[in-house]
Amino acid sequence: MLEKKAGEFSGEKVIAEFERLTRDADNVQRETLRRILAENGDTEYLRGLGLAGRTDAASFKECVPLATHADLEPYIERIVDGDATPVLTGKPVTSISLSSGTTQGKRKYLLFNEELVKSTMQIYRTSYAFRNREFPVEDGKALQFIYSSRQFTTKGGLTATTATTNVYRSEEFKATMRAVQSQCCSPDEVIFGADFAQSLYCHLLCGLLAAGEVQMVSATFAHSVVLAFQTFERVWEELCADIRRGALSPTRVTSPAVRQAVSALLAGPNPELADAVARRCAGLSNWYGVIPALWPNAKYVYGIMTGSMEHYVKKLRHYAGELPLVAAEYGASEGWIGANVEPAAPPESATFTVLPDIGYFEFIPLRPGCTAAPGPDACYGESEPVGLTDVVVGEHYEVVMTTFAGLYRYRLGDVVRVAGFHNATPKLKFVCRRNLALSINIDKNSEQDLQLAVDAAAAKFLAAEKLEVVDYTSHADMSSDPGHYVVFVELNAAAADASADALQGCCDELDRAFADPGYVGSRRSRAIGPLELRVLQRGTFHRVLRHYLSLGAPVSQFKSPRCVARSNAGVLQILAACTAKAFFSAAYD
Ligand code: AMP
């Protein structure tokens, strides 16, 4: 009945089509490559590689080299600057997407076209169909913490903004969101507002006004939901006052367009709702379960919770209480990869089933922990790429994608593990970004190794003092000889409130937790100096976030950099300026 109400959407039909595609993954991949090459074979890039009209996988692999973003940058730059000839794509480029680039501090330009809108809607519908089978929602709305980013016009007249903003601006977005019962309860003016803090405040307010209707709480990344409720803890009384008065705070929200749109929803004084919100907040213990308390009809919390977002799951669980957390799909500004078709799985074990018609996928087999040449990308040894259906369960791979948006054998830089198969298509577990390794000489530690080290040290030395790691990052400091690892943590208390013993213990444990033989050997031989733990002032990661926002990054795309490169001077300066206490490990003394 619900599906009828939503018009064209039929979850069972979407699932049946998905099952058909995934059962026939090999043929679907072949056909997808054929379509991509038929559409784009006449582009300057592919013409120069001698495919001469061939669209089969063997010729493709023989003629077209693996490419990184740096290889394609000169072509992309020409398009950005206004070259309208078919440089990388047969179909016109409609706008430019900017990827987040949190690690190196430099954002990447990518092409955006109608094909990406189509595949985005396909993956939204697919994951919703599976989600809805598990956790059916009724006719209602979504409290979505989504924000468009600033946009600018390139020299060549194209609009450049984030991929998500490009999607939000598309005609199809609203219709699909309505069809999948995920219509945002805030007006467009809030989503497209220029000031993030004002938009966040209004999302919360609009969510409270539509409390009974809200069926799910979501954001692109889990971090945004956590940030929203950290903010809620500070501003809830002001939100209640606004609802009581029926008027928006003149200091919190100053943008005339946002004020007008949200004031229309406020309509008039509503002391009953203000009292109800205040009563429910007062009944909470340390904000545990605030989401179901205020949005009693919400069925789940939804967003990307894997990879660098896994750190926020604990806090999210706290705010969500008993509500299920559902990990959202896997993709990048470059294109989509897979959907979470097992939504009941906890985020820590979420996998992504590759959609075989969304792009042509290859996988570079990686051997973790090999002792190849040192450097930031030296965690893995690699061999020849294999096709989508040739991957082996349990093995690690780097994702390589060929898309309808001008990327050919493009190395995404993500490491995944094959967790199993859904029909004939693999289910991927996201492992880490490949280039986010802490490495000084022969040591190699990935983003995941860092996460495990931080978790272990926090459990052993901080939990007993009721201290939590709010956020963390790291840096391979080579400014002195020998170089050493620096781990930066922001705690849920001022550094002065944490005992020096606990922090020293935490520092030693971090050093011990990096078990990679290259690291252990280098520490023993003093080729790497003692690990340094820097405890940051509270609010440091908000400053880091503001720094990225000032560079034009949107909050919805923000991922705390887990390893800050030397080139990222802006963030390093903030971390240095905000260091409250520093400890050096005695683990190898
Ligand atoms: P961006 O293009 O800036 O949005 O970043 C894309 C990157 O975010 C991907 O290459 C992944 O490293 C990461 N990412 C996206 N989706 C997920 C996911 N579901 N789980 C873990 N990491 C993800």
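Predicted model: local features only at pLDDT ≥ 70, side-chain atom pairs only at ≥ 80, totals over all residues.
Local features need pLDDT of at least 70 and side-chain atom pairs count only at pLDDT 80 or more, whereas totals for chains, interfaces and linings use all residues. Residues are numbered from 1 along each chain as its sequence is written, and side-chain values use heavy atoms, with hydrogens and water left out.

The structure holds 0 disulfides, a disulfide being a pair of cysteine sulfur atoms within 2.5 Å. Cys-63 has a relative accessible area of 17% and is buried; Cys-563, at 10%, is buried as well. Here buried means under 20% relative accessible area, exposed means over 50%, and partly exposed is in between, with a 1.4 Å probe and protein chains only.

Aromatic pairs number 22. Rings of Phe, Tyr and Trp (its six-membered ring) pair if their centres lie within 6.5 Å; planes under 30 degrees apart count as stacked, over 60 as edge-to-face and the rest as tilted. One of the pairs is Trp-236 with Trp-287, which is edge-to-face, at 5.9 Å centre to centre and with 70 degrees between the planes. Trp-236 belongs to helix H12 (residues 222–245), while Trp-287 is in the loop between helix H14 (271–282) and helix H15 (290–294), so the pair ties together parts that are 51 residues apart in sequence. Helices (H or I, at least four residues) and strands (E, at least two) are DSSP runs, numbered from the N terminus. Trp-236 is buried at 17% relative accessible area, and Trp-287 is buried at 14%.

A further edge-to-face pair is made by Phe-363 and Tyr-397, whose ring centres are 6.0 Å apart and whose planes are at 80 degrees. Because Phe-363 lies in strand E12 (residues 360–368) and Tyr-397 in strand E15 (residues 396–402), this pair ties together parts 34 residues apart in sequence. Phe-363 is buried at 0% relative accessibility, and Tyr-397 is buried at 3%.

Trp-236 and Trp-287 also belong to one aromatic cluster with Phe-145, Phe-229, Phe-232, Trp-295 and Tyr-319. Charges meet rings too: the charged end of Arg-131 sits over the ring of Tyr-302, 3.7 Å from its centre, and that of Arg-562 sits over the ring of Tyr-472, 4.2 Å from its centre. Such a charge has NZ of Lys or CZ of Arg within 6 Å of the ring centre and within 35 degrees of the ring normal.

Helix H17 (residues 447–462) has 16 residues and should span 22 Å at 1.5 Å a residue, which agrees with the 21 Å between its end C-alpha atoms; the expected span is 1.5 Å times one less than the number of residues. Its buried residues are Glu-447, Leu-450, Gln-451, Ala-453, Val-454, Ala-457, Ala-458 and Leu-462. They cover an arc of only 165 degrees around the axis, which puts them on the same side of H17. The arc is that of the directions from the helix axis to the C-beta atoms. On the other side, Leu-452, Ala-459 and Lys-460 are exposed. The buried residues of H17 pack against strands E17 (425–433), E18 (469–477) and E19 (484–491) and helix H18 (500–513), where contact means heavy atoms within 4.5 Å.

In helix H21 (residues 569–577), the residues Val-571, Leu-572, Ile-574 and Leu-575 are buried. The buried residues of H21 fall within an arc of 160 degrees seen down the axis, so they line one face of the helix. Gln-573 and Ala-577 are exposed on the face turned away from the buried side. The cover over the buried residues of H21 includes E18, E19, strand E20 (532–536), helix H20 (540–550) and strand E21 (579–584).
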